[in-house]
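Here is a friendly tour of one protein chain. Take a look at the sequence and the fold, then read on.

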Amino acid sequence: MALYGALFLALLVGAHAELPGCKIRVTSKALELVKQEGLRFLEQELETITIPDLRGKEGHFYYNISEVKVTELQLTSSELDFQPQQELMLQITNASLGLQFRRQLLYWFLKVYEFLSTFITSGMRFLLNQQICPVLYHAGTVLLNSLLDTIPVRSSVDDLVGIDYSLMKDPVASTSNLDMDFRGAFFPLTEKNWSLPNRAVEPQLQEEERMVYVSFSEFFFDSAMESYFRAGALQLSLVGDKVPHDLDMLLRASYFGSIVLMSPAVIDSPLKLELRVLAPPRCTIKPAGTTISVTASVTIALVPPDQPEVQLSSMTMDARLSAKMALRGKALRTQLDLRRFRIYSNQSALESLALIPLQAPLKTLLQIGVMPMLNERTWRGVQIPLPEGINFVREVVTNHAGFLTIGADLHFAKGLREVIEKNRSVDVKASTAPPPSTAAV
């Protein structure tokens, strides 16, 4: 009985476990690039260390070694590998240092050069070990962690929505890659605790040919569109001169029978065309491509000055958009294109037939007036969780059933030192800034 109870509990927990909306795989091909940039940063750190003077007395031998500087650092052999259970390991062997220093020696016996050489070498090695180990520790744990702090975890996308890239579990390392699961969920900034249930297919990562792979499920895009829907952004109202002239004339001609019966004050009133999405759009990802389905209401009315608007018609619009994804820099960008479009009446089939002449001009309005506005926003993109200074290049997009994968290589747009110094200066400014006033709080 206890065994059955434990099995039921495990199944219950698994059924409620949240799936990731975004996965990232870093392959071993990226490690050589990361290693070279990391070693360059370590070399720069070691060349700035301060070595204290070495002075003292050993029997009849007096010495004073000062102004020690590191002039050259060679890391001839190094390996950066994924290690199961340890995630990442950097191993450096056969490293050499070039030093420049000033020496003052006083001794009473001749033929002691070998002794002096051994003594000085041992002393310098001791001093270097005293200085290098703390520098390596600081570079590896403090400075590089400050670089990781530049990865966006939960941030705003614009003034309406934000995105949550929380890591859902510890990264999983194998001998050839490192896999990370992120929540990958959007949310309205006015409802930061709101969350869309993830019922989509879990994204998968199988490839290892490129440096990095990023996989997004349908949930990632659905949460974005529902967040904008809840924020009230998916609506458009055109009044008067904002309505294209040809469409204005066509709409007035189509509803001439209704307009001619109105009072003269209403007949010449500005025309209003309002589009309002009725439900959150939904994304469908298939091997053949990615589509977004939208259902919206279309309301046509006259807006006489200082009077209630007069509705001429209300119809429903079904549209299907194709979506092409791309990575630029570290942003996921989307290009939308209107593929299918139809309108029908909410009142009767007869009125739906009467709307057929409006189908083409309304579609043209969407293509010319609405789609550019949508693409201007979607092409700005949303940032992928990468440290500052690292960008994607040479990306390849592959669609699957329920998710898509983007493989890319990495490029350091900035050196590690530049990013870390910039981040360090920001932290210093934040720590030295005066406390806010009570009114500001």
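Two residues are in contact when they have heavy atoms within 4.5 Å of each other. Among contacts in this chain between residues at least 6 apart in sequence, 70% join residues at least 24 apart. This is a predicted model, where local features need pLDDT of at least 70 and side-chain atom pairs count only at pLDDT 80 or more, while totals for chains, interfaces and linings use all residues. Residues are numbered from 1 along each chain as its sequence is written, and side-chain values use heavy atoms, with hydrogens and water left out.

Buried residues (under 20% relative accessible area, 1.4 Å probe, protein chains only) make up 41% of the 441 residues.

Now for the inside. A nonpolar core is a set of buried Ala, Val, Leu, Ile, Met, Phe, Trp, Tyr and Cys residues joined through side-chain atoms within 4.5 Å.

| Core | Residues | Some members |
|---|---|---|
| Largest nonpolar core | 69 residues | Phe216 and Leu332, with the most contacts inside it |
| Another core, apart from it | six residues | among them Ala185, Leu196, Ala200 and Phe219 |

Which residues does Phe216 touch, leaving aside its neighbours within four places in sequence? Its partners are Gly21, Cys22, Pro203, Phe221, Ile285, Leu332, Ile384, Phe403, Leu404 and Ile406.

The secondary structure comes to 10 helices and 19 strands, taken as DSSP runs numbered from the N terminus (helices: H or I, at least four residues; strands: E, at least two).

Conventions:
Buried means under 20% relative accessible area, exposed over 50%, partly exposed in between (1.4 Å probe, protein chains only).
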